[in-house]
Amino acid sequence: MKVHVKVCCISSVEEANMAIRAGANALGLVGHMPSGPGIISDEAIRLIASSVPPPVSTFLLTSQTKADGIIQHYLRCYTSAIQLVDTVAHAEYPKIRQVLPAVKLVQVIHVLDNSSIAEAMSYAGYADALLLDSGNPGLKVKVLGGTGNTHDWEISRQIIQKSPIPVFLAGGLNPYNVAEAIAATLPFGVDLCSGIRLGGALDPDLMQLFFEQIHYSNAT
């Protein structure tokens, strides 16, 4: 089983190149959010995305929840995928696909309790992939990712087992727990931001250690 890696909160072309050289399969580019790390301008997202060679994917993280807002955000950035970090009504998906048929849609599920299993399954016929994170969109100031906190991996395991579409595991992953997380959940991919950063910047040593754990997991 090959575990794909998405490195999120990329802030510059230099960071993108570092992550790609280390072995990243995808990069996350964070647009406007109500809270959390890694936010950059749409202009920066477009610049970074245009510099990334195939087959590496670029994900626009958007907090927009309506099709028109999501589409307009995408058209300022031009990435290969859109990561919907807040709850998006199922009815919005066909509207997005009508305008952006080639763009992959990744729905984030913030794993809070067992109700997250049914929520995740409800998107299986709409999204191209799911991403399980540790935010909480129900708070007064929404937390939509980048918490650095893990969640209940047993719930994530059940979602991954049931899902007919690929599932990424996120939330508090780092070089010291990612092998355990992979063994516990068997995800399609893993996603991380703060776990390989020091002072907000990508740290080459932490990144190397992280990818060593990924290579170990892929070999077992």
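Me: Is Phe210 buried or exposed?
Reply: Happy to start here, with a reminder that this is a predicted model. A residue counts as buried when its relative accessible area is under 20%. Phe210 has a relative accessibility of 0%, so Phe210 is buried.

Me: Which aromatic pair lies between strands β3 and β7?
Reply: The structure holds six aromatic pairs.

Me: What relative accessible area does Phe59 have, and what does Phe168 have?
Reply: Let us take the two partners in turn. Phe59 is buried, with a relative accessible area of 6%. Phe168 is buried as well, and its relative accessible area is 6%.

Me: Are the rings of Phe210 and Phe211 stacked or edge-to-face?
Reply: The angle between the planes decides this, and over 60 degrees counts as edge-to-face. The centres of the Phe210 and Phe211 rings are 5.7 Å apart, with the planes at 85°. Phe211 is buried at 4% relative accessibility. With that plane angle, the pair of Phe210 and Phe211 is edge-to-face.

Me: How far from Asp203 is the nearest side chain of opposite charge?
Reply: Asp203 is found in the loop between β10 (201-202) and α8 (204-219). Asp203 is buried yet has no salt bridge. The nearest side chain of opposite charge belongs to Arg197, and its distance is 10 Å.

Me: Which backbone nitrogen does the side chain of Asp203 reach at 2.8 Å?
Reply: Two backbone nitrogens are worth looking at here. The one of Asp205 lies 3.2 Å from a polar atom of the Asp203 side chain. The one reached at 2.8 Å belongs to Leu206.

Me: Where do the buried residues of helix α5 fall, seen down its axis?
Reply: Helix α5 covers residues 115-122, and its buried residues are Ser116, Ile117 and Ala120. Seen down the axis, they fall within an arc of 105°, so they line one face of the helix. These buried residues pack against β5 (104-110), β6 (129-133) and α6 (153-162). Their place is therefore one face of α5, within an arc of 105°.

Me: Is the peptide bond from Pro54 to Pro55 cis or trans?
Reply: Pro55 is placed in the loop between α2 (42-51) and β3. The omega angle of the bond from Pro54 to Pro55 is near 10°. That bond is cis.

Me: What is the phi of Tyr78?
Reply: You can find Tyr78 in the loop between α3 (67-75) and β4 (81-84). At 42% relative accessibility, Tyr78 counts as partly exposed. Its phi is positive, in a residue other than glycine, with a value near 60°.

Me: Is Leu186 buried or exposed?
Reply: Leu186 belongs to the loop between α7 (178-185) and β8 (189-192). Its phi is near 55°, a positive value in a residue other than glycine. Exposed means over 50% relative accessible area. With a value of 52%, Leu186 is exposed.

Definitions and conventions:
Residues are numbered from 1 along each chain as its sequence is written. This is a predicted model: local features need pLDDT of at least 70, side-chain atom pairs count only at pLDDT 80 or more; totals for chains, interfaces and linings use all residues. Side-chain values use heavy atoms; hydrogens and water are left out. Helices (H or I, at least four residues) and strands (E, at least two) are DSSP runs, numbered from the N terminus. Buried means under 20% relative accessible area, exposed over 50%, partly exposed in between (1.4 Å probe, protein chains only). Lys and Arg count as positive and Asp and Glu as negative; His and the chain ends are not counted. A salt bridge is a side-chain nitrogen of Lys or Arg within 4 Å of a carboxyl oxygen of Asp or Glu. A polar contact is a pair of N or O atoms within 3.5 Å; within protein, one must be able to donate a hydrogen and the other to accept it, and residues adjacent in sequence count only if both atoms are side-chain atoms. The arc is that of the directions from the helix axis to the C-beta atoms. Contact means heavy atoms within 4.5 Å. Rings of Phe, Tyr and Trp (its six-membered ring) pair if their centres lie within 6.5 Å; planes under 30 degrees apart count as stacked, over 60 as edge-to-face and the rest as tilted.
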